[in-house]
Amino acid sequence: MRKIVRAKLHGIRVTGADLDYHGSITLDPDHCEAAGILPLEFVDIWNKNSGARISTYVIYGERGSRCCILNGAAARTCQRGDEVIIATSEYIQESELEHIEPAVLTFHPDNSVRERLGYSVGRDEQNRLTFEIVHYD
């Protein structure tokens, strides 16, 4: 089994940090649904401003709010306005790699979606793996 990226929110900005909450990251359900991220799903978060890397689980916030709120201990890893990358992963058989299409969203500074992308793996004429970024917008 190989661990691969299944979905990614790239460059979303932190809109809040709530140290007194139980933990997790609160995200707009619209963003999660567009990328295929489920509530309670574990995600890795990489802070582009500080370099901090954490793992936590997703809870859905208010639909349409464009929120990205780090809660509990995770709140200490960021500040409002920090740009983060949020990624989910899954384990697959290597033979499945050519049949998956991870969803990737990129964001404007106001957390509106800039682009909808995908990753595609295939094979060339010599049967070597290839990689392509697919633009859906």
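Predicted model: local features only at pLDDT ≥ 70, side-chain atom pairs only at ≥ 80, totals over all residues.
Hi everyone, let's start inside: the lining of the largest cavity divides into 7 nonpolar residues, 2 polar ones and no charged ones. Here nonpolar is Ala, Val, Leu, Ile, Met, Phe, Trp, Tyr, Cys and Pro, charged is Asp, Glu, Lys and Arg, and the others, Gly among them, are polar. Numbering runs from 1 along each chain as its sequence is written, and side-chain values use heavy atoms, without hydrogens or water.

How many cavities of 30 Å³ or more are there? The count is 1, and the largest cavity holds about 40 Å³ of space. (A cavity is a set of points on a 1 Å grid over the protein atoms alone where a 1.4 Å probe fits but cannot get out, and lining residues have an atom within 4 Å of a point; volume is the space filled by probe spheres set on points joined across faces, edges and corners.) If you want to click through the lining, select Ile45, Trp46, Asn47, Ala52, Ile54, Leu70, Thr77, Cys78 and Val84. Strand β4, residues 42-47, gives the largest share of that lining, with 3 residues. Strands are DSSP runs of E, at least two residues long, numbered from the N terminus.

Strand β8, residues 103-107, runs antiparallel to β9, and 5 bridges join them; two strands pair if DSSP finds at least two bridges. Valine 104 faces leucine 117 of β9, and leucine 117 also has a bridge partner in β10, histidine 135. Between β9 and β10 there are 7 bridges, again antiparallel. Each hairpin has an asparagine to look at. The β8–β9 hairpin has 5 residues between its strands, with asparagine 111 at a positive phi near 70°. The β9–β10 hairpin also has 5 residues between its strands, and asparagine 127 in the turn has a positive phi of about 70°.

Next, the aromatics: the model has 2 aromatic pairs, meaning Phe, Tyr or Trp rings (for Trp the six-membered one) with centres within 6.5 Å, stacked under 30 degrees, edge-to-face over 60, and tilted otherwise. Why is the pair of tyrosine 119 and phenylalanine 131 tilted? Because the planes are at 50°, with the ring centres 5.2 Å apart. Tyrosine 119 lies in β9 (residues 113-123) and phenylalanine 131 in β10 (residues 129-135), 12 residues apart. Tyrosine 119 is buried at 18% relative accessibility, whereas phenylalanine 131 is exposed at 55%; buried is under 20%, exposed over 50% and partly exposed in between, with a 1.4 Å probe and protein chains only.

Finally, the cysteines. There are 0 disulfides, a disulfide being a pair of cysteine sulfurs within 2.5 Å. The cysteine 67 sulfur has its closest cysteine sulfur in cysteine 68, 7.5 Å away, so they are too far apart for a bond. For cysteine 68, the nearest cysteine sulfur belongs to cysteine 78, at 7.4 Å. Both cysteine 67, at 8%, and cysteine 68, at 0%, are buried.

How values were computed
1 Å grid on protein atoms, 1.4 Å probe; cavity = no way out; pocket = protein on both sides within 12 Å on 5 of 7 lines; lining within 4 Å. Helix = DSSP H or I, 4+ residues; strand = E, 2+ residues; numbered from the N terminus.
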